[in-house]
Amino acid sequence: MTELADQRCQLPNWRDRMMSADEAATLIDDGMVVGMSGFTRAGEAKEVPLALARRAECDPLNITLMTGASLGNDIDGILSDAHVLARRMPFQVDRRLRTAINAGEVMFTDQHLSETVELLRNKQLGKLDVAVIEAAAITADGGIVPTASVGNSASFAILADKVIVELNLTTPEAMIGLHDIYVPGMRPDRQPIPVTAPDSRIGTSHIPIDPDKIAAIVLTQGHDSPSTVDQPNDATRRIARHLIRFFENEVNEERLTSSLLPLQAGIGSMANAVMHGLMEGPFEGLTMYSEVLQDSTFDLLDSGKMTFASGSSITLSSSCGQRVWNNLERYKDRVVLRPQELSNHPGIVRRLGVIAINTALEIDIYGSVNSTHINGTHMINGIGGSGDFARNGQLSIFITTATAKDGDLSSVVPFASHVDHTEHDVDIVVTENGLADLRGLAPRERARRIIENCADPYYRPALADYFEAACERGGHTPHCLERALAWHATARRDGSMRAVVEAASAPATELLPDT
């Protein structure tokens, strides 16, 4: 193991800094602010966090933990169970941590993923004490070569007082050279970021830091958690077909070419399945400028439909991961990983004209999107990078199935119970039932189109009835607030919205009261 480490670590006298994970964890004290690598369950430090949880069993401590996005290998849940986390930002997907967040035991700061290190760099989030970064290699001058994600690792390593490096010897050697590390300068003298195409390379292949900051090197041999990507089903295939027809029309109207524009897709099975559906379309020379490169990215690359993909992490299923990680060399001239403040940078997204495809939990009849909270109160994962792209892309597309919980809940509602993306940032809404093009429409026009094209047939009459009643009251964006909130109150009470539909179809004397 140390022989391989000698090949991967060129730093002189590096063994003088070699420690066990338990020894390295003692460098983290109670109350510290810690930045860890990791973005969408890829590239996270794997041993030091577990050592920190073990230590907390006999030596309780609380930290503020910043990452790029979610951590894999159940690390967020393990740290949560060990009561290590006092505050967490900016994104997570762990069930146990989510429970602690919704119970108020962990303070969760939900942030746009492009903003965390900007706030940190400008001293709005306090001082970063320690960075824990997973590496594929360390250069002779202390440069850190990331693994399957960059996320916020570059700025964490640069800004932290001390850096703990987990040198993961199971990562493919071909990882070296895959990254493009560029950190924007300080305001107000910052220069324009010269990314002019998805395949632009503007930085270095490693994170440049002062080698004296490396306080510990921990040798590891862990693997990233595989993604749990569901196969496309009838609903996602129908959503994909609606989008393909829409793109075909955009090409016919000469608003897009057959290579479209750089694509961005949110994480998860639905977005992945919809991207996979593009292989059936008549498009060639596709590119991607996104956060996460998922199975569909590499399927599109292998099919020849896509020529280049830029992201901040690679998160793959077991089967796709086996194909990609064992043959990484063949993708190196077609894939690049960047810091998330570049992959999600609003200026670059707008410059490139990115087509943003993200998943909604709930959409209201005017196009406002809830992507984070169940029934307006309980956090699921976080806003992630969807806002970075939705606000700034050439096309902002949100997809969802028309219902949830076997039809008990309508994903199209009169009034979103929590708003992450306002109607101003949503161009296209797609469900398996159809597509609503909202560009240039007034609120009343948007409502009619969403109800008619996207709502489930079972809920459509109740939504139409609500909209008609709201219009009678008047207003630019008509609402009957007491009736709108009754949809969510009923769902909370019954676990279903069906009683609202029944009430809407009942004689007037049997309608639910307004209060």
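**A walk through some local features**

Hi everyone, let me start with Asn375, which is partly exposed at a relative accessible area of 24%; buried means under 20% relative accessible area, exposed over 50%, and partly exposed in between, with a 1.4 Å probe and protein chains only. Before going on, please keep in mind that this is a predicted model, where local features need pLDDT of at least 70, side-chain atom pairs count only at pLDDT 80 or more, and totals for chains, interfaces and linings use all residues. Residues are numbered from 1 along each chain as its sequence is written, and side-chain values use heavy atoms, with hydrogens and water left out.

Back to Asn375. Its phi is positive, about 55°, although Asn375 is not a glycine. Asn375 sits in the loop between β19 (373–374) and β20 (378–379); helices (H or I, at least four residues) and strands (E, at least two) are DSSP runs, numbered from the N terminus.

Lys123 also has a positive phi, near 65°, in a residue other than glycine. You'll find Lys123 in the loop between α6 (116–121) and β5 (130–135). Is Lys123 buried or exposed? With 74% relative accessibility, Lys123 counts as exposed.

Now for the prolines. The peptide bond from Met89 to Pro90 is cis, with omega near 0°, and Pro90 is in the loop between β3 (85–89) and α5 (95–102). Arg187 and Pro188 are joined by a cis peptide bond too, with omega about 5°. Pro188 belongs to the loop between β8 (162–168) and β9 (214–220).

Three strands, in the order β18-β17-β24, form an open sheet with mixed pairing. Its edge strands, β18 (369–370) and β24 (412–413), each pair on one side only. Two strands pair if DSSP finds at least two bridges between them, and β17 (residues 362–364) has 2 bridges to β18, running antiparallel. Which residue of β18 stands opposite Ile363? That is Val369.

Last stop, the second largest pocket. Around 24 residues line this pocket, and nearest its centre lie Pro172, His223, Asp224, Gly321 and Trp325. A pocket here is an open set of points on a 1 Å grid over the protein atoms alone, where a 1.4 Å probe fits, with protein on both sides within 12 Å along at least five of seven lines; lining residues have an atom within 4 Å of a point. Helix α11 (residues 318–325) gives the largest share of the lining, 4 residues. The space in the second largest pocket is about 390 Å³, the volume being that filled by probe spheres set on the points.
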